[in-house]
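Student: I'd like to learn how to read strand pairing and helix packing in a model. Could you walk me through it?

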Amino acid sequence: MESELNNLHQIPLPPKQLPDPTRDDRPLLNSLSISTTTSAASADELDKKFAAFVRRDAYGTMGCGELPTKEKVLLGLALVTLVPVRVVLAMTVLLFYYVICRVCTMLSVPNREEEMQEDYAHIVGWRRIVIVQCGRALARVMLFILGFYWISESYRIPNTNQKSTTQKEDKHEPEEMGRPGVIISNHVSYLDIFYHMSTSFPSFVAKRSVAKLPFIGLISKCLGCVYVQRESKSSDFKGVSAIVTERIREAHQNKSAPIMMLFPEGTTTNGEYILPFKTGGFLASAPVLPIILSFHYQRFSPAWDSISGARHAVFLLCQFVNYMEVTKLPAYYPSQQEKDDPKLYANNVRRLIASEGNLIVSDVGLAEKRIYHSALNGLFSQC
């Protein structure tokens, strides 16, 4: 035994390995070569790869850009003068509409479709009229408070290759097919919701936590929102998808039912791009109403892309005038082939919106947006 131990001591130890300076052992971000300590050159590469979420206004990426002295002075003046007035007015409008919703839903039993799915969108009579009309008016007032004094709206008929004889033959077909069951729109900001509330007062798909928010929770139930938990199991998603499909069919067949409003991109962009469409809004095979929203700006972009919600709200309130342009397209009635293939239906509507709105088609989505945000949080950790 002693000889064996001596032999072991005589075995030379392997040389100590020095760290390889060319090797990068830092963890990858979702299997992509994006490090939180990326250089400025890498930041430019990020902007090219995730162009749909890049801010191009004077405030820069994440609203952390270096502002000129004049802009800092204007921002400071607005913070002490304009912002307090707008906050008070906005809260007054919110509380006033909450009281209206509370009064109109007293002694009313909410419609329950599944667990955590309840709404007051199906109540009838004077209560529903008051909720809808007041909601539309106050949503427009809210936009006015936020600086959208004028909203440019236009109705555009897309160019088609159909012959005039075919159009004459089919001119009565849309009426026979009924009204659209869902509004389909590109998604640029949370401000989109205020506009659609002010015009059609539709039902939205919202996160489940919205139903529990003070004041806003009851208002969302009066809108008839369908609640979803993004991190939930696939079975829960199937249940929500079935509810949305049923709501769309109901709105398509019943004019008194609330119309659905969907943002099939699933997240917001900088307003210059359009992302792939999810097929949930097209499973019902009902006609859709495409609407295109765009925001013009000189200093701060109202697009909610790579900037935090709090920072976005403050800068938006500091801007005296904001501009919104809306393009409304005719109802899109699917062909039989599109009814049989929801993915084809969704892609065709997406191409139509991209063409009529001069939007750039992008293949990135919510997953890539989260990667981009994670990388930016590393680059601008001191912001």
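Tutor: Gladly! Two strands pair if DSSP finds at least two bridges between them. Strands (E, at least two residues) and helices (H or I, at least four) are DSSP runs, numbered from the N terminus. This is a predicted model, where local features need pLDDT of at least 70, side-chain atom pairs count only at pLDDT 80 or more, and totals for chains, interfaces and linings use all residues. Residues are numbered from 1 along each chain as its sequence is written, and side-chain values use heavy atoms, with hydrogens and water left out.

Student: How many bridges join strand S4 to S7?

Tutor: In general, strands of a sheet pair through backbone hydrogen bonds, either parallel or antiparallel. Here, three bridges join S4 (residues 182-185) to S7, and the two run parallel. Isoleucine 183 has methionine 261 of S7 as its bridge partner.

Student: In what order do the five strands of the open sheet come?

Tutor: The order is S3-S10-S9-S4-S7, with mixed pairing. S3 (151-155) and S7 (260-262) are the edge strands, each pairing on one side only.

Student: And at what angle do helices H5 and H8 pack?

Tutor: Two packed helices are described by the angle between their axes and the distance between the axes. H5 (residues 126-145) and H8 (residues 191-199) pack at about 140°, with axes 7 Å apart. Axes are lines fitted to C-alpha atoms, for helices over the stretch in contact, and angles run from 0 to 180 degrees between N-to-C directions. Contact means heavy atoms within 4.5 Å. Residues making the contact include Arg136 of H5 and Phe194 of H8.
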